[in-house]
Amino acid sequence: MGRHATAVEQLMQAGGAESIPVERCRNIGIVAHVDAGKTTLTERILFCTGRESFCGNVREGSTVMDWMEQERDRGITITSAATTFLWNAHRINLVDTPGHVDFTMEVERSLRVLDGAVVVLDGVAGVEPQTETVWRQADKHRVPRLCFVNKMDREHADFDRSVRALEDRLGARALPVQLPIVGPAGFGGVVDLVGMRAVRWVGHGTSSAASVSDRVPDELRGRAAELRAALVEATADRDAGALEAFVEGREVGPELLRSCLRDGALSGAFVPVLCGSAQRHEGVQLLLDAVVDFLPSPLDRPPVTGRNPKRPEETVLRRAGPDEPTACLAFKTALLPGGGVLTFLRVYSGRLRAGTVLGNPRNRKKEQVENVFLVHADMHEEIGQARAGDVVAVAGLQHTANGDTLCDMRSPIVLGGLDLPEPVITAACEPETQADAERMPRCLEHLAREDPSFQWRFDEEANQTIIRGMGVLHLEVMVSRLRAEFALRVAMSPPRVAYRVTLSKPGAAAVPVGGLASRAARLRFSLAPCPGGGVQLLNAAPREALTPELGDAALAGARAAMRAGAALGFPASDVLVRLEGAEGCAGLPDGDGMARAEAAFEAAGHAAWCAGAAACGPVRLEPIMALEVVVPEGHVGRVSADIASRQGQVRDFDFQGSSGPLHVVHAEVPLEKMLGYVSELRHITQGRATFTMELARYQPINQLTQG
């Protein structure tokens, strides 16, 4: 199309991908609450790095990274989008992630494979609910991060308040490395506290905005010196020379301070904080410099750990070296218009070339890589090979799902997979014609393969297709995609709450294994409540009585029954199922074939859940949502009263904006009472309030406690 320099062209101009050593590669994600400006920031990054020759605009629907029709129509990111570009002789693989809580799975699987993250804050709103969610996700995967306080050009933007919120709400040790310069004309630049220089922008609000260095303004010199001293004090113990200089009261130079900041950021000891205005192209280049300076290369991360599929108790390490045995994790699947499939991989070790044959330990299938691509939003560029540390897409995989490991089977490894969130909303999806009904299962399966947080099943009793997702918006988007991408004429019923069940007391089940010639095989299971533990399945059967493969198949059958709502009518949660023992199973699958034996044991596990769960005192659970309403002062009382009428409880109040022009109401409310809330909130506040909510927990119905 001629509108951009391809990543391949950029890499070739730099001497080829192999000429950029792994230590000068960065795999980063852009994460934030919805509307904090992630996609705008990413579009500005693509422009200033030469990856694109124009700046996409969210309002105009011209963004490169939000390329889906539904994203441009709604002005939000729905699916994570990847790109690759060069900056200061570094190769940066970047993933722009959604900010809406309904698509948090996209953030989860991106952070699982990335080395660092840029957390974007709205300079007015500060830390918002989804900011807390993505922060917890980054903590879980131990991802080093830095923060960019965006929208500093807006009225009531407050850098200091955002820094305090990082500390108070997220427990982060936030270290400002910049100080905003705000004059009569508003935000005009920053003080670089590392180099103690002022950086100002000329050509405000245009794509040609350039930065110029200047002396620190007199009115900010004292504050800048104070903040730099705090930087030195916080980082001095990272280096003996810096510590000595600090103790003796000598100046710590910019290079040494930058090195200490990097060391602390990589260890998670603190988080560097920058600021700017992505909309006005201000602070973007300095942020890219900080990505290079403070976020890790693949070599800075610990070796990835996994288990040996042949000996599950054995831990296996893989280092980010091209000469190590190849190990990759599949974290995303994209369906191509022509029917092909692109599988996104993080290459943790070894090399990956077109024609490479790898094994999938989960299903013991072999997969041949047809080709390797760099991805730029909805485009892909053939590169033929990848190495340890790369994030790429490959074509040709037939049997690989999200979360699967692909590896050299001479040195097998199973890497930790993806944690799938449980859907909280269900609806019926009704086809208009018989032809639509016949095609719909295949189309739904395509969507579920792309997005593991989207589930569907056909209810035989109701003769309906039931779809399940993370929120109303999630299901609306999926139905919209059925219409737009697959030309299906379908309608969605009003959404309903997706309840769960748990057990109130322990129990047991013993079931025969059918379908095995002349075998009297039998399995014994125990079932018990496991508060707060999700669904846990353990194989405690002696190895001499049952092979691990067949035990895993039996537990897979139990898991499938629990997820489908078998026996109790709703999917299970907070339950522990243990395979305790087996009789008549030693030596299997002698003569029966592994596939046939695994199918028989899977069916036995399904039957065990159905037989045992009903006798264990099932209790229905409902989703409780953490609600945050931003509302003008005059409407706080009505909002609080409405929350109480919905069986919710207000937990706290906060303020938003430097002078507190808005109140923030924090509450917990049963999800069932929140269906249709957006219309009622608009009515009682004359359209002046906004809200966000996310799943807090499941608990027994009508037992919302003071907590």
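Two strands count as paired if DSSP finds at least two bridges between them, and strands (E, at least two residues) and helices (H or I, at least four) are DSSP runs, numbered from the N terminus.

The model before you is predicted: local features need pLDDT of at least 70, side-chain atom pairs count only at pLDDT 80 or more, and totals for chains, interfaces and linings use all residues. Residues are numbered from 1 along each chain as its sequence is written, and side-chain values use heavy atoms, with hydrogens and water left out.

The sheet is open and has three strands in the order β13-β12-β24, with antiparallel pairing. Its edge strands are β13 (311-318) and β24 (414-415), each of which pairs on one side only. Strand β12 (residues 304-308) runs antiparallel to β24 and is joined to β24 by two bridges. Which residue is the bridge partner of Arg 307 in β24? That partner is Val 414.

I turn now to a helix pair. The axes of α9 (residues 254-267) and α10 (residues 284-294) come within 9 Å and cross at roughly 75°; axes here are lines fitted to C-alpha atoms, for helices over the stretch in contact, and angles run from 0 to 180 degrees between N-to-C directions. The two helices are therefore roughly perpendicular, a term that covers 65 to 115 degrees. On the α9 side, Arg 258, Leu 261, Arg 262, Ala 265 and Leu 266 meet Val 292, Asp 293 and Phe 294 of α10, where contact means heavy atoms within 4.5 Å. These residues divide into five nonpolar, no polar and three charged.

Arg 258 also forms a salt bridge with Glu 255, the closest N and O atoms being 2.8 Å apart. A salt bridge requires a side-chain nitrogen of Lys or Arg within 4 Å of a carboxyl oxygen of Asp or Glu, and the count by this rule is 36. Glu 255 and Arg 258 are about one helical turn apart, because three residues separate their positions in α9.

Arg 136 and Glu 694 approach to 3.6 Å between their closest N and O atoms; Arg 136 lies in helix α5 (residues 129-140) and Glu 694 in strand β38 (residues 690-700), 558 residues apart. Is Glu 694 buried or exposed? Glu 694 is buried, at 12% relative accessible area, whereas Arg 136 is partly exposed at 46%; buried means under 20%, exposed over 50%, and partly exposed in between, with a 1.4 Å probe and protein chains only.

Definitions and conventions: Parallel < 35°, antiparallel > 145°, perpendicular 65-115°, else oblique. Nonpolar A, V, L, I, M, F, W, Y, C, P; charged D, E, K, R; others polar.
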